[in-house]
Amino acid sequence: MKQIIKKFIPAIVFEWRASIRDWRGLMSDTAIQRSRFAKYHSRPNSTGRGQIETQIMFHTHQIEKGLSHENFRPGFGKGVLKAMAMLLHRLQQTGGDAANTFAYRQAISALHEYINRHHDIDYDLAYMRNMFPDDLWNAICNTNVKLAGVLTLDRTDKANNRHVDFKTLAERRYAIREYADQPVTKEELDEAVDISMKTPSVCNRQATRIYEILNPQTIQALLDIQGGYRGYPTPPALILVTSDIRAFMNHMERNEPFVDGGLFSMSLLYALEYAGLAACPLNAMFNRRQDEQTRRILNIPDYELPVMYIAIGHYPEHAHVCQSQRYPTQHITTTID
């Protein structure tokens, strides 16, 4: 019957019906996705343990970044410390085992390192002491947990990157935010991008696009718009990873631009590490104004979605990096027998 109907009804009618069906699916599925995100994402007034831990880990990383800064600024992060005091207390209220959670222990460790760093230079921490109740202050001062803080990498540690196994390469990769003065060349970037081309993509459609930026003024203008890299010198190179929406075929693939772009970005970070270049992934979560300004500077077409930035440079003689310990494997793993 379908074949008979197709003989009398133009193909364009079937295509129109399919387009309407796909548009309705996109609207419906996007609404469900939006509703789920609105319900569960971490907000300032969230009381669920998962949401509270998210905010604690965010602030823990802020403390680590401040401690790792080449131009360390004593007394930094008073707003972060105030938030941590409130959030750790709120976490304690979620249950008796709160002090054993990874997020709590990592935060206490970072705050301990903050105190030690300031004590080393005889800096008055009365402002910090006044923020924390006695039980939390004692936990911070007396912890022996080493889940946060700063590591120092030497340039020589990376000299053999082209010859180590993948496990070693992956475990030794850290986000580097301050670089040597040596310029990064297009040839160096192209080598890393070329290595990353083996990254899988949905049906091998290869939607990822790469913008290599080497002009210091353009890099700084873009990072000023991005807003998350303040306080650091302009990196020698910047890459923007985007995804071409034209490579996707229906509403079921609405998230695939970020999946494929994210896969390519991680391959690129490993390829840069292999090539002996230091790098730091940076978000491209733009509001409308940021999106328009970025597109204007780089002449990005409307059919490409920004996925992420990567700041790139050569390793300095010594690099201070966030320890940024990860969850144990069993924390994120569910085994279905």
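Predicted model: local features only at pLDDT ≥ 70, side-chain atom pairs only at ≥ 80, totals over all residues.
**Figure 1. Accessible surface and overall make-up of the chain.** The chain exposes about 19600 Å², an area from the Shrake-Rupley method with a 1.4 Å probe, where for residues only the protein chains shown count as cover. Residues are numbered from 1 along each chain as its sequence is written, and side-chain values use heavy atoms, without hydrogens and water. The C-alpha trace spans about 85 × 50 × 45 Å along its principal axes. The chain holds 13 helices and six strands, taken as DSSP runs numbered from the N terminus (helices: H or I, at least four residues; strands: E, at least two). Of the 337 residues, 41% are buried (under 20% relative accessible area, with exposed over 50% and partly exposed in between; 1.4 Å probe, protein chains only).

**Figure 2. Helix 11 and its cover.** Helix 11 runs over residues 256–274 and has 19 residues. From first C-alpha to last, helix 11 reaches 27 Å, close to the 27 Å expected (1.5 Å times one less than the number of residues). Its buried residues include Phe264, Leu268, Leu269 and Leu272. Charged side chains are in the buried set too, among them Glu256, Asp260 and Glu273. An α-helix has 3.6 residues a turn, so residues three or four places apart point the same way. Cover for the buried residues includes helix 8 (166–171), helix 9 (186–196) and strands 2 (208–213), 3 (237–244), 4 (277–283) and 5 (304–314). Gly276 follows helix 11, with a positive phi near 80°.

**Figure 3. Ser68 in helix 3.** Ser68 belongs to helix 3 (residues 49–68). Ser68 counts as buried because its relative accessibility is 4%. Its side chain reaches the backbone oxygen of Lys65 at 2.9 Å, a polar contact (N or O atoms within 3.5 Å; within protein, one able to donate a hydrogen and the other to accept it; residues adjacent in sequence count only if both atoms are side-chain atoms). Beyond neighbours within four places in sequence, Ser68 is in contact with Val150, Glu178, His320, Val321 and Cys322 (heavy atoms within 4.5 Å).

**Figure 4. Ala247 in a loop.** Ala247 sits in the loop between strand 3 and helix 11. At 15% relative accessibility, Ala247 counts as buried. Neighbours within four places in sequence aside, Ala247 is in contact with Arg205 and Ala207. Ile332 is 85 residues from Ala247 along the chain, and their C-alpha atoms are separated by 32 Å.
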